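Me: I'm new to reading protein models. Could you walk me through one, step by step?
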Amino acid sequence: MKQYDIVIIGGGPAGLAAALEAKKSGAEDILILERDRELGGILNQCIHNGFGLHTFKEELTGPEYAARFIGQVEQERIEYLLNTMVMDISPEKVVTAMNREEGLFEIQARAVILAMGCRERSRGALNIPGYRPAGIFSAGTAQRLVNMEGFLPGREVVILGSGDIGLIMARRMTLEGAKVKVVAELLPYSGGLKRNIVQCLNDYGIPLKLSHTVVDIQGRDRVSGVTLAKVDENRKPIPGTEEFYSCDTLLLSCGLIPENELSRGMGVVMNPVTSGPVVNESLETNIPGVFACGNVLHVHDLVDFVSQEAASAGRHAAAYVAAEKRTQVGTEPGQQSGSSITIKPQGGVRYTVPSTIRPQRMEEEQILRFRVGDVYKNCYISMYLNGERLAHRKRPVMAPGEMEELKLKKEQLLDCPAGSELIVTIEEA
Amino acid sequence: MKYDVIIIGAGVTGSAVARELSRYRLKVAVLEKEEDVCSETSKANSGIAHAGFDAECGTLMAKLNVEGNQMMEALSKELDFPFRRNGSLVLCFSQEDRPKLQSLYDRGVKNGVQELRILEREEVRAMEPNISDEVVAALYAPTGGIVCPFGLTIALAENACVNGVEFYFNTQVTDIRREGEGFKVFAGEEAYETRFVVNAAGVYADVFHNMVSANKIHITPRKGEYCLLDKTTGEFVSHTIFQLPGKYGKGVLVTPTVHGNTLVGPTAYDIEEKEGTNTTQAGLSEVREKAARSVKNLPMNQVITSFAGLRAHEDGGEFIIGEPEDARGFIDCAGIESPGLTSAPAVGKMVAGIISEQLNPEINPNFNGTRKGILNPAALSREERAALIKEKPAYGTIVCRCEMITEGEIIDAVTRPLGAKSLDGVKRRTRAGMGRCQSGFCSPRTMEIIARERNIPMEQVTKSGGGSNIIMGTNKDRL
């Protein structure tokens, strides 16, 4: 069986950044396993600009952003395999993978970084009634067809869901010659970034209908139209508000789901809120030496933050491997780590990543990422450590569509007793 | 074109008849209005091999159900399709309903169903931990099973095809006229001369029957809506869970599928429209509510798709199989609603019997009743799988990541006899696109494989034939 210090599952932005940082942190034997035909993951189909403002201080397209990382991976001679599907990972970190050249093969890893990304919520999962004709696409599938293969999936389009991919595709389909009639959003606010609403809808005169959903799909062979209806505060369609839109295509941009089938298979504990693994300050799961980052951990808005988070996972994985090599066989380095602080999201904060912190093991500065459950205006975001306020920051607007972050300093947490609790909550002004 | 037998409809019934007839030296053709076999009622149902206690004693339904159920296991081995006897339970929720449960038991015994037992609450709960607390007793039928409806239908049709039956797709029968001792069957401009016609047209069987017989029949499409749950729920129930039947049939069931999903449904509403396979908000809500009566905490947030199918309900509520008195040579298989899938193998035999009695045909010396299904690499040992990939590298590329379907399987599905022509055709044969992402990731790749293997441009790849093209053009082609 082949052996590697770190095996990274997925060669998208998270996997690439994790690999590079692990290498920089001293790890040697690193292997990236990618199921698609090239590295870069979903960035390859994101040909719009706006990537890299944080990381590179310039505006890049998705493929350009990916290329910078891929270039470094090549330069660092980090190994990777393309068209390679990971079939299974055992709790002992034996990775079973498959490709055309090598067939089915196993790799023993010292550390594994989960970076498989996410998938889109499908029409079935949304329970949209109606016929099942051709012409219903998740926005990302349509994006791949248009941006990577040059095919137009439809000419008259209705989009359900104002997540970022939906907004971006409203603009893209318009630019490629299709007519986007309307974007409907179930919630009373958009799930996408503000800048995307302005640049992708407003600039092209595409209407956004908030608190609306699709209640019927017409068409036997191909979509011939959809019916939208207004929804009440319980998100139930209001009878009498139905409005028919003739169209040949319905794009769905209704949320992303982390792809954690492999993680679950190996026994990684999941957070039901994020559908991603529960991780500590090192982005390490309940299985020592198994780390997670990027959209498989929790769905991000900006790739820059994915890269940042993944770099942290790479650093910790490298440290784990180094520690494991130092310690005798049989001891698990992850467990000699002192007390742990539990982070409790409350009052509108849905979750935090990480969800526990071991002060002894944290870096000088720890980023805490989270999302809120509703739109909050002029509120405070506060942190309490064992009842004592650590932070109280005013935020003019917080919305579920934009990830929030707080920073923690090691010195703030170092002396706290075992069983400490860190509460993250929203407070009215 | 002259035939001994023309079969209208390539659903499970038509395909079963075709396969039985292929045992003889007969010229047989199947005319199907859709682009593939198993495209209508046979594709959208519960996938149950019913034990046979539901139908009234002495009916054809009861007889063929029990026979079909008994044939299913051997057939699944001969034709290599997924079938499992998981056993079924009919739940009784109140002491007052016990007599109904008892009469179901009695009926089953009279129908010839083996091994039936009435279980008390605790026994049921031991068998099914997620069962509702309100259950007081249940009828247990160990012979009840689950079957892949696509697998069964496609296997029957493929085997018929290999044994000489011709299949004409996109061929909608428009008229049937008596011609001498036989018939002339028209499909638009095309005409097929034949001695016998087998009417296996599902919800349209009344239309064809009424073309040749003065004794009219009437079929109502009875819609059933379903929700299919993710494979993560595969252990939720292990038996097929029914509720005591009501006026509109067997009520909402909760069952594992042969592939490890959980299936919930169906509703039962009579509609007018013979193509009305749309799901409705009300229907999907009803499925949810009624299923909640049988089991606790059904994870409906794990629904990956929903669909609706149409039962071909004849006014008499009984299978109509045989020749109308005023139309000899025309053999109805009409009113084939539940338990039609289970009964199909027996219906096939019965219809072939009617024909062979009259024609006395020679045995087809080349008949081969065994068929290998699409190779499932996941069922191979590690060494066998490695050897397979070495020989055929396409089996090393996963295309559908949710169901872990390889390119090799998809190529097999497209290139084998009666091969898949569309995304749905591939899906029904291999399960590619049938998983939790519902083909979001794999559809562009599967389209490429179909286009390449069938040598057609991407624009011509369809979801399910006809005008169901997936791509409308190329970028900026109209700017």
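Me: Which residues does Ile113(A) touch, not counting residues up to four places away in sequence?

Reply: Two residues are in contact if their C-beta atoms, placed from the backbone, lie within 7 Å. Here Ile113(A) touches Ile6(A), Ile8(A), Ile9(A), Ala18(A), Phe291(A), Cys293(A), Ala313(A), Gly314(A) and Ala317(A). Keep in mind that this is a predicted model, where local features need pLDDT of at least 70 and side-chain atom pairs count only at pLDDT 80 or more, while totals for chains, interfaces and linings use all residues. Residues are numbered from 1 along each chain as its sequence is written, and chains are lettered from A and ligands numbered from 1 in the order in which they are written.

Me: Is Ala17(A) buried or exposed?

Reply: A residue is buried if 20 or more other C-beta atoms lie within 10 Å of its own, exposed if 12 or fewer, and partly exposed in between. Ala17(A) has 29 such atoms within 10 Å, so Ala17(A) is buried. Leaving aside neighbours within four places in sequence, its contacts are Phe69(A), Ser307(A), Ala310(A), Ala311(A) and Gly314(A).

Me: How many residues of chain A are in contact with chain B?

Reply: On chain A there are 41, meeting 45 residues of chain B. Helices (H or I, at least four residues) and strands (E, at least two) are DSSP runs, numbered from the N terminus. Helix 4 of chain A gives the most to the side that touches chain B, with 6 residues.

Me: Which residue stands opposite Leu152(A)?

Reply: Two strands pair if DSSP finds at least two bridges between them. Strand 11 of chain A pairs with strand 23 (residues 473-474) of chain B, antiparallel, over 2 bridges. Opposite Leu152(A) stands Gly473(B), in strand 23 of chain B.
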